[in-house]
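Hello,

Here is the model I said I would pass on.

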Amino acid sequence: MSRDPVRRPEIVVDLGAIRRNVGRLRDLVTPDGADVMVVVKADGYGHGIVESAGAARAAGAPWLGVATIEEALLLREAGDTGRILCWLTVPGDDWAGAVDRGVDVTAYSLAELEEVRAAVTGTPARLQLKVDTGLSRGGSTAQDWPALVAAARAGEADGTWRVTGIWSHFACSDEPEHPANQRQEAAFRDALEGAARAGLRPEVRHLANSAAALLRPSSRLDLVRCGIASYGLDPAPGLSPQIGLEPAMSVTAPLVLAKRVPAGAGVSYGHTWTAPGETGLGLVPLGYGDGVPRHAGNTAEVWLGGVRRPIRGRICMDQFLVDLGEDEAVPGDEVVLFGSGAAGEPTADDWARACGTIHYEIVTRMGGRLRRRFVPEGAA
Ligand SMILES: *Cc1c(COP(=O)(O)O)cnc(C)c1O
């Protein structure tokens with residue numbers, strides 16, 4: 001029997017899934033007058049920033065969101081000409097590059113306004129302001145907000161920039177009953193009123209991430225910033241309305257070796273697992289050097305031959321072992337670490353639970369020597 005050529009270990013990204021997810025998110029929020037900013041920071045949560053951005057644009061996303069100016073400029077280099085917002089800068093960053101390329105930059109403080117002012121040479125900058133409504137991360141405090149909006153208005157009046165957006169970010173949106181959500185939304189509305197009194201008329205006001213977009217319609221405003229849901233992962237598993245999100249990432253590798261070990265065999269470094277009876281072991285050529293969490297040792301499962309198989313012993317830098325029991329397997333057999341779950345394989349969420357983390361971290365960290373393959377091929 002001829003077999004398909006064996007594939008190298010790879011991250012398979014279903015760009016059609018990203019496109020459909022973004023379409024579903026847009027269908028959900030556009031009746032409220034909102035639209036979707038697809039967040040593609042951190043290399044598209046591990047899915048590839050340029051390709052994920054392309055899928056988002058193909059679904060009609062009017063905005064992309066990234067953390068750094070560098071990420072925004074990378075998208076411009078790749079040919080993206082649409083609206084892009086970035087929000088995390090350090091002093092001395094390439095603000096001028098962002099302003100020149102029409103990227104919306106975010107200021108948290110008067111000091112950052114000065115950086116933007118220094119970066120403007122011709123066309124007014126597109127500037128958004130972030131208010132901290134209770135995450136205590138970036139953004140102006142409520143106390144500093146009146147001075148920030150006044151200075152921002154002055155810069156608008158002298159032609160330095162246009163204030164295109166005002167925004168904030170939730171701390172607990174994946175816990176819809178958490179009282180902080182209501183408090184933050186009220187604080188955001190206060191901040192918007194303050195900005196309006198100062199004379200600011202932003203194009204977009206936005207607060208919601210994926211979880212809030214799904215669970216808190218009152219927070220949708222003009223725009224929702226969806227990262228994780230765009231990649232098909234449920235931001236609040238068990239709580240979110242089911243809108244048919246499809247996980248876009250699978251991680252697969254061919255089996256290196258299958259062999260039988262006797263009862264009492266110690267498996268992998270430190271012998272944290274010992275075979276209770278004779279069993280088959282399969283060697284998988286991926287490890288923490290490729291982003292496989294070391295915490296997956298003895299807890300996570302993989303898919304091989306139509307069955308979930310437990311990982312045995314520690315994850316090494318380049319390899320780990322799975323229990324085959326009495327089943328036959330041969331080198332080259334496909335091992336799926338995680339995927340959409342449609343065939344019964346583990347999901348990124350299953351891995352997250354096994355490892356004591358969140359699926360955001362599982363998909364974002366996969367990399368190292370893994371290569372990415374985009375489906376459909378050549379769609380990037
Ligand atoms: C990462 C990020 C998002 C996206 O959050 P998800 O939970 O992935 O939807 C939205 N806004 C900001 C400011 C972020 O940093």
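The notes below cover the ligand site, the pocket around the ligand, and a few points of backbone geometry.

This is a predicted model, in which local features need pLDDT of at least 70, side-chain atom pairs count only at pLDDT 80 or more, and totals for chains, interfaces and linings use all residues. Residues are numbered from 1 along each chain as its sequence is written, and side-chain values use heavy atoms, with hydrogens and water left out.

Ligand site

The ligand is surrounded by 14 residues, of which Lys-41, Tyr-45, Ser-210, Ile-228 and Tyr-360 are the closest (a residue is near a molecule if one of its heavy atoms lies within 4 Å of it). By type, this shell holds 7 nonpolar, 4 polar and 3 charged residues. Here Ala, Val, Leu, Ile, Met, Phe, Trp, Tyr, Cys and Pro count as nonpolar, Asp, Glu, Lys and Arg as charged, and the others, Gly among them, as polar.

Polar contacts are pairs of N or O atoms within 3.5 Å; within protein, one must be able to donate a hydrogen and the other to accept it, and residues adjacent in sequence count only if both atoms are side-chain atoms. From an oxygen atom of the ligand, a polar side-chain atom of Tyr-45 is 2.6 Å away. A side-chain N or O atom of Arg-137 lies 3.5 Å from a ligand oxygen, and a backbone N or O atom of Gly-227 lies 2.9 Å from one. Of the 390 Å² of accessible area that the ligand has on its own, the protein covers 95% (Shrake-Rupley method, 1.4 Å probe).

Pocket

The ligand sits in the largest pocket, meaning that more than half of its atoms lie within 2 Å of the pocket's grid points. A pocket is an open set of points on a 1 Å grid over the protein atoms alone, where a 1.4 Å probe fits, with protein on both sides within 12 Å along at least five of seven lines; lining residues have an atom within 4 Å of a point. About 730 Å³ of space lies in this pocket, the volume being the space filled by probe spheres set on the points. It is lined by 35 residues, and Lys-41, Arg-137, His-169, Asn-209 and Tyr-360 are the closest to its centre. The lining divides into 19 nonpolar, 8 polar and 8 charged residues. α10 gives the most to it, with 3 residues (helices, H or I, have at least four residues and strands, E, at least two, as DSSP runs numbered from the N terminus).

Backbone

Val-375 and Pro-376 are joined by a cis peptide bond, with omega about -5°; Pro-376 lies in the segment after β19 (371-375). Ser-136 is not a glycine, yet has a positive phi of about 60°. Ser-136 is in the loop between β6 (125-130) and α7 (145-157).

Regards
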